[in-house]
Structures are given as structure tokens and as C-alpha cells.
Amino acid sequence: MSEAGEEKIPEAAQGPACKSGSRLEMLLARGEFVVCGEMAPPQSADGSLIERKSEYFRGFVDAVNLTDNATGIVRMSSIACATLALKQGLEPIVQMTCRDRNRLALQGDLLGAYALGVKNFLCLTGDHQCMGNHAQAKNVFELDSIQLIGMVRAMRDEKVFQSGEEMKVAPRVFIGGAENPFADPFEFRALRVAKKAAAGADFIQTQAVYDLPRFEKWMEMVRERGAHEKLAIIAGVLPCRSARGLEYQKEQVPGMSVPDELIRRMKAAEKPEEEGVSICVETIARLREVEGVRGVHIMPVMWERILPTVVEQAGLLPRPEVGDEE
Amino acid sequence: MTAQEMAKPVRKPLAVPEKVPATQRVLVVGGGVSGGTAARMLLGFGLEVVLVEKGAGAQPFEGQAGAELLTEARLVGLEGNFGDFKATIEAGGQIVWRTVGAVVVAVGVRTEPAKEVPLAITLTDFRRRMAAGEPIRNVCFLMDLEQSTPLAEFSLGLQFAFEAAQKKTSVYFLCRDVKVAEEGLERLYRSAREEGVLFIKNEARPTIAPLAEAASIQVMDLSPGAGSHLSRLCLTAEVIVVPEAFFPSEDNPGLAALLATDLDTKGYFQPANVRLAVGRTNRRGLFVLGDCRGPSSVAETIERAEATAQEIASLLGEGEKKVDWPVAVVDPEKCAYCLTCNRICPHKAAGMNLEEESAVIYASACYGCGLCVAECPSVAITIEKFSDAALVSSFASGGAG
Amino acid sequence: MIVGKGKPVEEVVAMVEGYDRILVVGCNSCVAVCMAGGEKEVAVLASALRLAFRAKGREVQVEEAMTERQCEWEFVETVREKVERAQAVVSIACGVGPQTMARKFLDKPIYPGINTSFMGQPEEIGVWSEQCGGCGDCVLDEYGAVCPIARCAKRMLNGPCGGSQDGKCEVGNDTDCGWQLIYDRLKALGQLDRLERNVGPKDWSTDRDKGPRKIVREDVRV
Amino acid sequence: MNGKLVAFCCERSGMVAWQEAQANGGLPAELEVVAVPCAGRIGMVHLLKAFEGGAAGVMVFACIKDSCDSLRGNLHAEKRCESTRAILRSVGMEPERLEFCSIAPPMGAEFSEVVRTMMEKVSSEEREG
């Protein structure tokens, strides 16, 4: 390979104690067990939806993810939703995928979002467009998530664009990545975290955990590589409303592992919604015991109003204030 | 091209050899019941036999002339075609080559004995003893021991019980229930009963104690009409037979690739094709016999081995074989060397001529089916009798214009 | 080789609807071998066109011709006579062929009869798979000779995405996960350490992204 | 169209069945039989040429499943018939004019039946067309 050589990550990349000053960063730095939540942007131009949904998140989570045309379905842009969320007093995490934007658009959007007050960015490769509602689209994918993380880190720490040219004011952002411990090849999954840490990620949010033994095995491999000390692992959970929902994830979502036992439990439950919450709360309790897990990321897909209940039953209230001292 | 144009023969037909060599020697891989039977018969027909046996010993050859026994040996390569196969054999650490006219593969199956039963032998061992003609006074088959015996093994047990009874051996057949869910099984069961096989319904593991030259077996007979409710039976049998589970050998996929033949979905050399009965395969001169085609009874195994030996003898003739079947021919000028024929030929008759940089169809292996002719992208292959011209000639005159 | 597939016949019929003399030209190279544009396919398409026009009550003359390689001037020249006789030409060479014809026969409308898809290989009779993306800067050395650009749906250079499961890609259609293949291959070669390294963004200027490409070999050219 | 029917027959099955059917009588005079070594020898082009030559209906008689001497010849033939039917559809002809038929050597009566059905089909098409 001639051009795309090994990325040299200078010592400075380890960064100062405070990289962005985001609430998420501060709480993690203080050793708090953080809570993130995922909010789906509206599938229309109705910005007031963000306002309404914010009720379910304010005071219950430390930061909220705004997805970026997730699963290839067009929604209001993540950055626009993040600015609306900021107005609602929420701390947004902007998701950026490499599917729809090249390095020019990604850098430009990062600068813009930062100028609008966004401090957390989750760098993703993105679901393939054929899974969504615009399968005829041409994709970009000229960077992968690890390269995107590296690019954002270089902008923040070295004040350079991908071109190597310098900028006057760098975006001081907190950089996230994602990992799916349940996808294959399994042996690669911890290495990806290590590579993301090396590229400059500050935190990792994982795919929803149902299969705890596999998650624990993965965490063990992450710890072997020492990656959990270089970045914060935030484990994903997904409160599920029905057995059918779980079965759908098991069968239709690539790279998901859902134990049959959970599906049986949901099927046997008289009130599946309550059972779904219980499963989620139990999962959070077990995740808190796993060494190296620094928080949870709750993804209440199509069921955002349940979020306060989950956080409360998990005993994660009240959420700490940044100014608070323990 | 119009049909009329197509109907005109464009070039002279390419030459098909009149005769192909037919080496008077047969390679037999595996020296079990079927391999041994085939080998002995082939020798009897005056053909030479090279017997390749994995183990240290094989079925006795009676020191016949023309027989070569290679023990601790395996086939590692097979080039060439019918009449002129070049076999590479590893024997006792040495590599040897043999030219043979036909190949018989009879490598057997892998078996796993059922849960250990004291003093018992397996179905395969029993068959071996029967085949060797050992006199057995009485035998007790124990089926459905830990779990229900699979149908294939059950039917073999039934078959052996029947065959043993025919040889005046007294036979007890213990099982949870008689399985007849396969064509012919019901009939076999009735014949076995008629021959005197005693069926005993049994659900518990019997107690077995050794006697001087036999074993005593205590069971509860649950058959309807077996006395009050539970009657304790005490049987004496010289031989106790338990089923084993049969599995295709792990070597089969590698061997099949080497032989350029196919396995069925289970991994046996059993072509899903009624035309390939007896021991035939997709290739002329290549035969597969015995349990590696799927477990079968002694009688059937021997019958197939004999029929195959006869077929080989008639195929190999007397040193040369007249090509009296239609053969496809490649025009090297037109051939794009794309290997489509090589991939599509079911008989593995299409190879590569590295010097000509062209495909070549071996007359000895070709069946003249025309699959390659239909698919050749360069229209480089023809079968004289079934050319494009011949196929469209009847309606070419019908007025395409 | 370059792999393509014939266009639906009705699409071709619609292209040449108004003409009375049509020439169908194939190519004896890649597309012949991938059973899309060889002599047989020329005969089938020509036959289909004749039947199509006959069903519409028109007798249209459809001639057939083959070129050795339709991407080359000299070979295209060999069918000049037939081209000049025709009012329109249907080329079933890869996308290069019709363009070579169009540059050679300025007054002749040339229509494509196949959809050219990718550079790939035959997997088995009737199955072809994409293997090379023609990115202009080969990276196979790093990936055990399994191309992440052509064989990963997201062209990822640093490892598999989260949609890889049981060796298959999230795009479905029984597509193999390119990264599973890379991983398995490097594991077998004992070269998994190659994957530990962070690979920076690729320079795509050697790909299509710098506009139509041209290779000029000064050592060959005089 | 000249109302002819063309039957491509595998020598091992279709041809034998045809001979039996012929011996029993009653095959239409319009029937033309083309012998092939295996149905897998037939290409799409031969089927189309038959129609170009004026055939009103074309039939392919191949061995039944798992009894083809060339193992997959009958399957290839069936696939090519499917593709040819698709072409007939796109050129505005009735795909029913092409029939693929699995047949065993002694099935002379079935052979006659397939031909008779095809004859009826094409003559009703002619009337409607």
C-alpha cells in the first residue's frame, strides 16, 4: 500500500485532562456510572417532537444520542436535532456516519455542530442503505468509523484538517465510537475497541446487550488489551415491549444475539411490557458488576416514554450534576 | 445466423479416436467384504488387481497370480481416465504409481459402537463373521438399548437376523418396538419371523452374565401374550450383537475430490440417480462399492461387488476399447480456454491441454451427452451426430425469412 | 474478467423499435466467457429480435457478427461491412465495446444489449462474483489477498462492521462478509498481526474520484 | 407460423417414448421430432430457431428427475426452457408454446398426451390470435 500509511498518533493525542468539557466527559472523569439515552429524530420537519420527547430524557440521562439516518431511514438530521435538544437543556451526542458523507462534509458538519454548541460526537460507519427506505441510493463509505475517529481527533488535538492544513479554532469535542460485541468474527471485536482507542476514541457505546455471557467474554478480551483504561465502555441496553420485538431482533437484525430464554420469559409474561422493563433493569444491574463498564446507553426504540421508568427502577436516580461533588 | 446458415456444416468434423486403451489392471481401494469380493472376481476374470488397504491386513487373496496387495496404503492421487488411470499410492511411507484401467473404491464406513455392552460385538463384526462363514449356533440382537436405534441400523440388524436364521442359527431379536417405517421392512420382518427369528419386546437393559462358551441374558419380556404381565426370560446366546451408529468416513470429502465424484448430502458416495445403481458413478471406469455408499447387508454387498466386477471385465475388454459411443470434440482454434466445459461436464471428461492452450474432451471418459456443447461460450465443441446443423435441419427449411 | 448480464429483451426491442436493419455484435472476450455477449448470446438475441418484430407484424432484418475484442479499434474494423449495412447496432460487449464502436462508426447509432457489472470470477457454472473494485492503488498485500474495497459492502479498511454474522454481510443475498474472509485468511497465514495496525484514510484520487482515468506509459509510448 | 410442432427428444427417454407413441398411432402429422443425446444438449438458440422456423409449439422431452444419464442434463434443459419462455413473453409470444416435459422411456401414452395438449393449446391461440 503506497498512500494510506500507518497513522502516527503523537503523544499529544493522549490529550489534556479535559478534552471537551462536555458533561459526559466530566462525569466519566469523576468516576460516575453514566446514563445515556437514544432519541430517534422525527421523520418529518416537525421540530416540536424533540421538545416533547425531551421530557422523557431531561433529568434521567446524562447525555442523549441523536441518530443519523439510522438503519438507512431518512430522519431529521442529527445536528439539527442536537441543537433543538440543547435548547431543551439536554446534553446531545451527535451521531455521524460515513455512509452519506465524505471527508469534506463530515469535517464541515463537525465544525458547524461544534459552533452550535455540540460537544459529543459518536463516529460510526453506518448501516448499509439497503436496509432502509432508500435502497437505490449511492453510498459514500470513503472513511470507516476508525478513520473518522482519527480525523476528528486530529482536528481537535492537532488543529489540522484531513488535508494537513491547519485551522485557527479547533473543535474541542468528546469522541465516541460504537462496538457490537455480538457480531462476527468474535475475536476481532475487542481488537476493534483497541483500534478505536488508538485512533483517539474517548468512549464506546455498545450494541444492545441481551447475551451477558458473551458480553462478559468480550469485556474480558477488552481488558486484556487494556482498552477499557484508555476509553470508557458504555454498555447498550434495549427495553423491549414484546416477545415479537425480541424475536425480530434475533432473526432480522444482523449481528444480534438474543438468548431464547429471554424470548420464553417474554412469551410467558402476563404483562410483557413490565417484563421487558424488568429484563432491562436486571441487565443493567449485572452490567454494573462487570469490570470496566462505565455506564449504560439505553435505546428505547419506539418506546422512549419508558426511559424514566427504566432509569428509576435501575436505581440510577437522581442523575448527578456536573458541579456536584461526592 | 439464420437457421439455414446454422444448418450448413461450417468445418470438417474433428477427429475422434477409433480406440482408447483399456489397461487390463484394476485398482481396488479397501480390502473389506466388498473390495475383497470384487478383487477375487476380477482376478477370476483374468484381470490384474492392485488392492490398496489402509490397515495391515486384507481379505485373503489365495495367492493368485496378478494380485498385488499394498497394505498400510492409501490412494493419494488419480489422474487420467477410463482405461488409462494413473493412480498415485502411498504405501508404507513410499509413493508408488500404477496404471489401471478401472478403479473400485470400497472404503467402508466409520462406526461408533452403542453404549458398551459386556460380551457384545457390533453389527459390522457380526457381518464379518457371517461373511467368513463362521458357524454360529445362536445369536441375540439387542436393539433400542439406551435410545431408539436409528432406522438404518435397525433394518441392518433385521436383515442380519434374517440371514442368520436362514443359515439355521437360532436368533433372538430384542427391541422396544419393531420399526417398519421403510419400504420392504415390513416384509423383511415377516420373513424373519417365518425363518424362526424370535422377537422379544424389551425396554430395560438386560443383565448379561458370561457362561463357558456363551452368555446368559436376563430380560423382561413385554411382548403381548408373554405370560401374566411381566415375565422374566433367561436366554443363552453364543453371540450378542449390538448396533453401532454408522457415519460416512471423514476421509470421504477428500477422497471424492480426488476421484472427481460426488457425495450425497449425508457424505456417502451414493449418487442420487437411478442410472447409477450397482457400483457406478458419474465417471466411466470408476466404481464405488460397499458401505461407503451407505450401510447395506452382506448379501447386497456381495451381489453388488460381483455385478460390478462383471461390468468392469466387460468394459475393459481385451486391452483396447473401440469408441462406439458419441464423443464431443473441441476445436482448439475456436476454444477460448475458459474451462466452462470442464466445470459443466458431469463425467469429468473435459480437461486442459496446456500445450495447445485449449480444452480437451477425453473420448474415453466422454458419454457424448452434449452438456458442454450446449454451454461452450465459443461454440468450439461439437458432437458430429448432434451438431447445431443437425438440431435445426428439420425446421431450417420451414422458412425463417 | 469483466462480468455482465444481458438486458431484458423487451428493453432492447424498445431501443431499436424504429429500424428495419439491425446488427447484433458480440465480443469473443470476457463477455463471451461469462455467457453474456458471445456467439451464442448474439444468436439468441438476434432470434428474439426477429420474433419480436414478427409478432408486431414487421419483418426486420437482423444480422449477427462477432468481434474478437470489441474494445479495440482493429477488431471493430473487422465488422465494418455489416455495420454499414445496418441502420442500428446492438452491442453486447461490455460497456467499452459500444463506445469503441461509436467512436469508429460516427453516423451509426449503437445501443447496449448487456448490463456490464464488475470485474470478477466464475464461482461455479452460472455464478460470478465481484473481486476487484479497480481503485487504482492495490491494497491486497495488507489483507491476505482478499479485497476489502470490492468485497466489503462498506469498503472498510480497519475491520468488520457490526453487521457481520455467521460469515455473512448485513446486506443479505447470502453475501459473504469480506472481513470474515480476510480474518480467516490472515489467521490461516499466521498474519493476524497485520490487522492490529490502524490504517488511515485511503487516497481515493486513484479511483474514479479524480474523473475519467487514463494510464500513460511513457516507457512504452514513443 | 406454419402450425408445426417440434419435439426435442432425449435419446434415452423422449425418443423411446415417441417410438412407442408412434406405434400406438394418433400422433399428428405436424409433429417433427429432433433427437438429442441428452436434453442438456439443447440450447436456447435451438428452441428459438424452431419458432423462427415457423413452429407453433415446441416441446422438450427429458429424463425424469434423478434418472438423467448425464446427472444434471435434464435440469439444465429445464432451466433453459424457463429462460426461453421468458424471452417468448418479452417478444410478445405466448410462453405456453414451449413445454418442458419429464418422461420415462415407456411413457408413450403420456408423450401422445403432451403433444395432443400442445396441439390444442396452439390451435386455440391461433383462433384467439
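Reader: Hi! Which strand of chain B does strand E6 of chain B pair with, and in what sense?
Author: Strand E6 (residues 84-91) of chain B pairs with strand E7 (residues 94-100) of chain B in the antiparallel sense, over seven bridges. Strands (E, at least two residues) and helices (H or I, at least four) are DSSP runs numbered from the N terminus, and two strands pair if DSSP finds at least two bridges between them. This is a predicted model, where local features need pLDDT of at least 70, side-chain atom pairs count only at pLDDT 80 or more, and totals for chains, interfaces and linings use all residues. Residues are numbered from 1 along each chain as its sequence is written, while chains are lettered from A and ligands numbered from 1 in the order in which they are written.

Reader: Thanks! What is the bridge partner of B:Glu90 in E7(B)?
Author: That partner is B:Ile95. The hairpin of these two strands, E6(B) and E7(B), has two residues between the strands, and B:Gly92 there takes a positive phi near 55°.

Reader: And how many bridges join E6 and E7 of chain C?
Author: Five bridges join strand E6 (residues 114-124) of chain C to strand E7 (residues 127-132) of chain C, and the two run antiparallel. C:Gly120 stands opposite C:Glu130 in E7(C). Two residues lie between the strands of this hairpin, where C:Gly126 has a positive phi near 85°.

Reader: Staying with chain C, how many helices and strands are there?
Author: Chain C has eight helices and seven strands. Its radius of gyration is 22 Å, well over the 17 Å that the globule rule gives for 222 residues, so chain C is more spread out than a compact globule. The radius is taken over C-alpha atoms, and the rule is 2.2 Å times the number of residues to the power 0.38. Along the principal axes, the C-alpha atoms of chain C fill a box of roughly 65 × 50 × 25 Å.

Reader: Okay, what percentage of chain C is buried?
Author: Buried residues make up 45% of its 222 residues. A residue is buried if 20 or more other C-beta atoms lie within 10 Å of its own, exposed if 12 or fewer, and partly exposed in between, with C-beta atoms placed from the backbone.

Reader: New topic: which pair of chains has the most contacts?
Author: Chains A and C have the most among the four pairs that touch. Two residues are in contact if their C-beta atoms, placed from the backbone, lie within 7 Å. In this pair, 33 residues of chain C are in contact with 35 residues of chain A.

Reader: What about chain D against chain C, and which element gives the most to the chain D side?
Author: Here 12 residues of chain D are in contact with 14 residues of chain C. H2(D) gives the most to the chain D side, with six residues.

Reader: How far apart are the nearest C-alpha atoms of chains A and B?
Author: They are 26 Å apart, and chain A and chain B do not touch. No contact joins chain A and chain D either, with their closest C-alpha atoms 25 Å apart.

Reader: Last one: which residues have the most contacts inside the largest nonpolar core?
Author: Those are B:Val104 and D:Phe61, in a core of 172 residues. Helix H3 (residues 39-55) of chain C gives the most to this core, with 10 residues. A nonpolar core is a set of buried Ala, Val, Leu, Ile, Met, Phe, Trp, Tyr and Cys residues joined through C-beta atoms within 7 Å.
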